[in-house]
Amino acid sequence: MADVRFLLTGDTSVCVEFGNEISESINAQIRAFNIALSNSDIPGIVETVPTYRSLMVHYDPEVIRYAPLMDKLKGLLGQLDKITIPPSEVLEIPVLYGGEEMGPDLKFVAEHAGKTEEEVIKIHTSTEYLIYMLGFTPGFTYLGGMDEAIATPRLKTPRVKIPAGSVGIAGSQTGVYPIDSPGGWQLIGRTPVRMYDANRKTPILPQAGQYIKFYAIDQAEFDRIAAQEAAEGYQVKRHPRKEGGK
Amino acid sequence: MSITVLNPGLLTTVQDQGRIGYQQFGVSVSGVMDPRSAALANILAGNGQEEAVLECTMMGPQLQFDKANVIAITGGDLGPTLDGKAVPGYQAVAVKAGQVLKFTAPKAGCRAFIAFAGGLDIPLTMGSRSTYMKAKIGGFKGRKLEKGDVIGFRAPVETLKRMEDRVLKPEFAPKPVYTLRVVMGPQDDYFTGAGIDTFLSGTYTVTPEFDRMGCRLDGPVIAHKEGGDIISDGIAFGAIQVPSAGTPIIMLGDRQTTGGYTKIATVITADFRILAQLKAGDKVQFVKVPVEYAQGLLLAQRAAQKALSKINA
């Protein structure tokens, strides 16, 4: 924890910076610190925002001022290796790959990679992708770990409207569009799972520090899950991540 | 039925103190651009400080009251009138059914806040009534008000106790050059010493690129050591982003939760009431203060608000 820096972000928050690169180990430290902080008795914490390499801590200076908060956060950091952090969770996200409607760019991605569509699907579904952070729009995940073999440049002309649930590739990133939005990602499939629903008890499904594993489904399964989402809500399968799991 | 929007004005939205707890999921905080003025309007109108208000921008709305209620208007002076007669700001006003509240033209500042006794009948979305236009959630149908919209009151009243005591001095006064106090950081070390000097000595002009997400300024270019890009991190209300081009952008209520540009400093919370009133062409200078000092100012403001709230006890 020698490299941890505390950055001033105004008078009601502080940024705890764990490093200056995108790495799973830095992100794991952020997750551990965030969990330790939420389990701690430090008063006045309003909310925390994990990002690639830092945790932003919003606090109420009426409850705790800057200097005592710093002391407490530094104290917590010092104890971090003594605190047991549960393993990350893996969310299993079903995807209907390919087809003109759901995955119109799968063919291009395959051609670009010099592989068959089946091989692209196999590669895309074989990795557990770390959710480094959420941002940009509600529920948008910044995922890491995609195999470079299927990296594909963005579309030259972005689409005006991409439906929620679309799964895409942009450069060496992959992700899911949580809401209908314009965008230039290569669309390879779609999930019937709602990553975001403002009116649901848990509005946003994914959390920073979890992993996403995609698996391929057919049209019948897509329709079944979509119907369940529309009715009482579909519960995605989830399991604790095995150490070094892929 | 309570108010009918005859004319929505330029940008009128329902806002409270913001959507707290969802930034980790990519959800912007939103909320009023000036939490202090909104809190004062609420206190005057007999509400809790956190109640949702209408935030009006430059050209305020025209609202017909279908039911009587007590209101209070704070923030900038956008020329409010009631049935054609000027109505004072920073004061509780009993409006009768049938009357029309109309804003004529901005006289001082940019944003006004209208509080309604008993609050507006707007559902909570993720714990807040704030409108988050980009995601189309919260407020009135997730959007700015439009002509013909009808918004209900939750618990309207014809009058409040001690109406004559519900008066405050307007807080915003136009100036040739506004001073915004800042806490330096989080990325002040990405700038050269000369760059920091430029930022703290230059006069910046507010550009027309000023919405609820951010306020772009024009002025002397602030020199980075190597460039304005960073690996994305969180963004506070009032954070002053300086991209590689070297001119600042102040991040506001509807800002994205994370961003990849260097942030040289953050406007202190006590000065949001000035920040919210800036408009295109206004001049701004930045003065750095220690974080403890900024917190002292904020706590003094909050203590004063608490004392004023006693009128509603």
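In the predicted model, S166(A) lies in strand 9 of chain A, which covers residues 166-170. S166(A) is buried: 25 other C-beta atoms lie within 10 Å, and the cut-off for burial is 20 or more. Leaving aside residues up to four places away in sequence, the contacts of S166(A) are Y177(A), L187(A) and R190(A). E100(A) is 66 residues from S166(A) in sequence. The C-alpha to C-alpha distance between S166(A) and E100(A) is 12 Å.

Chain A as a whole contains 5 helices and 14 strands. Of its 246 residues, 40% count as buried. Contacts were also sorted by sequence separation. Among those in chain A that join residues at least 6 apart, 63% link residues at least 24 apart. The C-alpha trace of chain A spans about 60 × 40 × 35 Å along its principal axes. The radius of gyration of chain A is 20 Å. A compact globule of 246 residues would have a value near 18 Å, so the two agree.

Chain A also meets chain B. The contact involves 37 residues of chain A and 35 residues of chain B. By class, the side of chain B that touches chain A holds 17 nonpolar, 15 polar and 3 charged residues.

Terms used. Residues numbered from 1 in each chain as written. Chains lettered and ligands numbered in written order. Predicted model: local features only at pLDDT ≥ 70, side-chain atom pairs only at ≥ 80, totals over all residues. Contact = placed C-beta atoms within 7 Å. Nonpolar A, V, L, I, M, F, W, Y, C, P; charged D, E, K, R; others polar. Helix = DSSP H or I, 4+ residues; strand = E, 2+ residues; numbered from the N terminus. Rg over C-alpha atoms; globule rule 2.2 N^0.38 Å. Buried ≥ 20, exposed ≤ 12 C-beta atoms within 10 Å, placed from the backbone.
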